[in-house]
Structures are given as C-alpha cells and as structure tokens.
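Subject: Handing over a structure

Dear colleague,

I am passing this structure on to you, together with some notes on what was found in it. Please look through the sequence and the model before reading on.

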Amino acid sequence: MEVFLASCVVAGVPLLFATVGELITQKAGNTNLGVEGMMLMGAVMAYVASVGTMNPYLTVLSAVLAGAAGALIYGVLTISLRANQIVTGLTLTIFGTGFAKFVGQPYLGKAVPAEVTQFFVKRPLPLLSEIPFVGPIFFRQDIFVYLSYILCILVAVYMYKTRIGVNLKAVGENTAAADASGINVTLYKYVHVLLGGAFSGLGGAYLSIVRIPLWQEDVVNGRGWIAVALVIFVAWNPIKAFFGAILFGGLSIMGMRLQVMGVGISQYLFDMIPYLATIIIVVFSTHKKRKESQPPADLSNNYFREER
Amino acid sequence: MNLRITKRGDLPKKQEIIIRIAAVLLSIIFAGLILLVFGLNPVKIFTTIIDGSIGSKIRIQQTIIRAIPLTITALGIIVAFKMKFWNIGAEGQITMGALGATWVALHFSDSLPMPLMLFLMMLAAVFCGGIWAFIPAIFKAKMGTNETIFTLMMNYIAIKFVTYLQYGPWMDPNAGGFPKIAKFPANAVLPSVFGVNIGWIMMIVFTVLVYLFMTFTKKGYEIAVVGESVETARYAGMNISRIVIVAMLISGGMCGVVGMIQASAIEKTLISNIAGGYGFTAIIPAWLSRLNAVSALIICLAFAMLIQGGTYLQVSLGISSAVSSIVQGAILFFVLGSEFFLQYKLSFGKKTKGEVA
C-alpha cells in the first residue's frame, strides 16, 4: 500500500508542477492553454541539457528557461498585443509539441546520462522518512519531488501571506480596480505568466529526466491538459493542488497496477479513468457555485486601460 | 515622450492586407531564424518543402490528400468557434467517426453495392462524430460546463477506446496475433477521381455548404450572434441551448466524416491514431481564415503543402517533419500578434498629467 502511494506521488509530481504553474497564471487573470506545449519544451530542453552538460542543476535550469520562454511568447501576444488567450494558448501547445519533436529527434530512445540520473536517485530524508506511513510515502523520494513540495508551500505562503500575493489576487479579480489602485498590472501579469511557464517546464523535466529517463516524443501525453482541469478541481488553491495531483497521479497508474494484479479488464479501459474523472470534475466544479471555488472574476479577459 | 495606444477606426482594406502579409513574412523569417539556430539552412529547407509538396504530379496528389482532412476538420471547427465554443475535440470526433464507419464496413455484407455501403458508413460516421460533440455541447448548454477541457478529454477517451477495441474485441483473428483490426472489404473503400480519393470533392462541396450556411441561413446568423454576445442573443429571444447543440452536431458530424474518409481511403481499417493530429492542426487554419469557409480552404491547401513538404524533408534530408509544425505555430503567433496592429494605433506623444505608460 505504502509502495503504491509512494508511486502515486511520483506520478503526481509533474501534474503538481504544471497545476501550480497554471494556477499562478490564472490568478493574474490569464488562462494559458499552452501548458502541454510548455511542459514538452521543458522536457526536451532539460533532456538536451542533461546530455550536453551532464549537470543536474543546469538540466533543471534549462527546463525552467524553456518553459518560461514558451510563456513569454504567450505573454507578449496576450498581455501586450491582447490576442485571444484561448487561441494563443492552443497555438503554444501546437508549437511546443513541434518544437519538442524537432529538437528531440536525434535523441529518440536514448537515455539520460548516468551523472544526472544518479543525482535524482531516491534519497530518504533523515528523521522524516522514519515517520510511520507518511515517511515511506512522501520522504523516500528524489530531490526533484522534494523541490515540488517546497515550491508548493512557497507558492501558498506567497499567495496568502504576502502583500504581492494579495495584489496578485486583485489583478485577477478586477484588473481595472487593481490598475486604479496603483498596481503595475502589466508587470504582475508578465511575472506570473512567466512563473507559470517555468513551473510547467519543471513538470515536463521531471517526466523526461526522472520518471522515464530516456527521450520519447510523447512523454507528456496529455498531462498538461489534465493540469488545466486540475486547477478548476483544486479551486485555485496550491495546497489542494498537492493532494489533487497525487490523486490524479494515482488514477493514471491504476490501470497498469490492476493489470499486473490480474484483474481481467483491459488496461486500455482503465487508462480512460483520469480523463473521465477530469470531465466529472469539470462538470461538478462548474455546477456548484461555492464562492471560494470560483475562478478569478477577470479570468481570460484581456485588459486594456483605455477601454474600461 | 511616451507611447500611446489608441483604438483605430476602420482600416483601409489595402493597409489591412499589407499588415497581414507582413505578419506572414515575418513569421517565415522567424521560423528561418529558429532553423538557423539549429544549424540548418532555412532557404534550402523552404525550397525543399515547396519542391516536396508541388514538385511533381504525385506530390501534388499527396498534398491534396492531406488537405482533405485538414479542410473538412477546419470547417467543422469554424462552425463551433464562430459561436466562441472552443471545440478542441475534433481529434476525438474524427476518431469516433472512423469507428462508426469501421463498424459498418466490417459488419455489413461485402456484397452490398459500393454507393450504399459508403453512404451507410458516412451516416454512421456523422452519427458517432456528432454524439462525441453532443455530449460536451449539452453540458455546456445546460450547465455551463467548460467546453475546452471537456472536448479535449473526449479525445483521449475516444483514442483509448479504439486502442481497447484494437487489442480486444475487434482484433482481427487472421492477423497472426498482431493487434490489428481487419482491413475493409473492397466495397467500403472510397474510389478515386484523378488519382485522389473522392474526399476532395466532398472538401469542395462542404466548403461551399458551410459558406452558404454561415452567410445566408438563419441558423448560421444565430450562431454568429451567440458568438458575439450571449446577452444579445438572449435579449433577441434566441434559444441559446438549441443553437449550441445544433452547431456542435454540425461541427462534430463534419469531423466524423473526416474519420470516415481517413479510415476508408487512407488506412482501409481503423487504427487508434486515425486522426493523426489533424484535429489540432486544423485549429490554426480555421483561426487564420477568420472563420471564413472559403479562406479556410485556401489556407488549408497552403498548410497541406507545409505538412507534405515536411514529410518530404524527412525522407530527402532526414530532417524531422516537425519543422512544419514549428512553421505553422510561428505563422499563427505572428498573425495573432498582427491583429493588435489592425485594431490599435501606436503613436508617440507628450506624457500628459496623471498618465502612466
């Protein structure tokens, strides 16, 4: 049981990065549907950096930069040039998919160098890993997983306990009012859109470097889109995102587990579960109108001061 | 000095065209720069793409074969997007259409006359593609469910379902254990005219029909009104749920036809990636056409050149065909950006009191 839950965490980490990233982006009032593309850009650039430098830090940095670069294209188009957010995000996904295929082609099926995979082996944390039940699940993981815990907590503190976090909320809820109160709306949007891209890039890197340490074109395989849905499921709350991501990580590996256990139902039918669950979530989260689980009021509206 | 942005009035047609062409040219330069960064010669790549797509009769035929699914999918997407219903489920609707057509092809007698067989396959494809679009549409219409995520998840479910059939109940017992679905009988394969399957005739017919539907019919007008403003539509007494559902049935039905064409003429069976990414790629020309059916046909032909040229690139120079996706993405980025310059005017003026740039 603990072993299974520990692998749910591993399967959930890429979703966690991407979900938290998209959550920050949406808090600034922008829906970026390019998560899948940015994850792929992060995944492929992390991979290329790992082969080129054999340095785990540069590998992670490369993913951050690649994700943020994708987000920058989106940001320039939607924030400065006020292009349609939905279409721009979709295009970013198409672009990112092509980019990853193109850049990764010479590496297809080749493994991540041992210098890097060695760095990301499981490292039980002293003391914490000895806690019954919780320890084996959460604290006998690799450094990348710990990084996701830390970032998740940092984002929660940032959003709820700092002045900038409060301002960020204002930007997403009522851009015009935030602007009137002297908040630099454009800067806030750019920073958080780029931050969101960087997180997505990290999520992609976890997949291509740690989860499946060899290059294959479909590493991300729809996880970016599940992350977009998870943002709704977790009601824009980074702490809930943590548990939501692990839950969905679990759903995504269940099919294979049950197959191994000899359950006589096709694995391919079980593979549908995360997608079906996502639909059910989207249906129910839009149906119940609880105040705290609603999207930022100014989400997806491009802001133009002269038009307010 | 301070940069000022003001809304433009109507732009002269000529200036609009210049801005658009400039955007496309810039995007090609941008794509060229990306290629340069990767140590490739952009001029050689672009000429190879053109040569590979229209350099010979067979290559032109190949380009048209690719334009067929792209165009019909784009037409389906146009009907939904016009309503601001973000149907990104075309991939799944194509897959389900193919599934419907395959069911007919494999379960009905291979002695049926070909036109009847093809007609029944088409009906099944429209039905299945339509159902796949209907499910998210009814949730959107009745409960306001986010259609972007819903239609997208339906893609994965459709593809997994076909994979399940391929490895399970529909596996061809005569394939020697390979997880394959049986080939279609001869009467279930679309015939060719001028060396290209008759999908090209459907492509032209659908383009005209969608153009007429969107421009001259009441339903087409209602769809546009809902897209402009749901409030206006409601105020005018339109039945919004009904419009959403009808439009999505048309959208999904057309994508279903694409599935039938691909299964019948190209693969001659059903495979899990029968949609082959056309459902996503078609979003780009649909948007570039400004949701106009006739422009969409022309742009899809150009995009089919890019795709076919990309494949040729892979074969002749060993360069990944993904180059064409990068170029496509770049074109749309620049055109999306250029919209801004069509709508707003930049001017430099003195900073006035109380204004912050």
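A residue is called buried here if 20 or more other C-beta atoms lie within 10 Å of its own, exposed if 12 or fewer do, and partly exposed in between, with C-beta atoms placed from the backbone. By that definition, buried residues make up 50% of the 357 residues in chain B.

The model is a predicted one, in which local features need pLDDT of at least 70 and side-chain atom pairs count only at pLDDT 80 or more, while totals for chains, interfaces and linings use all residues. Residues are numbered from 1 along each chain as its sequence is written, and chains are lettered from A and ligands numbered from 1 in the order in which they are written.

Chain B holds 14 helices and 4 strands, these being DSSP runs numbered from the N terminus (H or I of at least four residues for helices, E of at least two for strands). Its radius of gyration is 22 Å, close to the 21 Å that the globule rule gives for 357 residues, so chain B is as compact as a globular protein of that length; the radius is taken over C-alpha atoms, and the rule is 2.2 Å times the number of residues to the power 0.38.

An automatic or database domain assignment supplies the domain bounds, and it divides chain B into domain 1 (1–40 + 319–357) and domain 2 (71–318). The C-alpha centres of these two domains of chain B lie 31 Å apart, and the contact between them takes 9 residues from domain 1 and 14 residues from domain 2, where contact means that C-beta atoms, placed from the backbone, lie within 7 Å.

Between the chains, 40 residues of chain B are in contact with 38 residues of chain A. Among the elements of chain B that each supply at least two residues to that side are strand S1 (2–7), helix H5 (114–143) and helix H14 (323–343).

Leaving aside neighbours within four places in sequence, A:Ala43 touches several residues, including A:Ala100, A:Gly204 and A:Val219.

Note on methods:
Contact = placed C-beta atoms within 7 Å.
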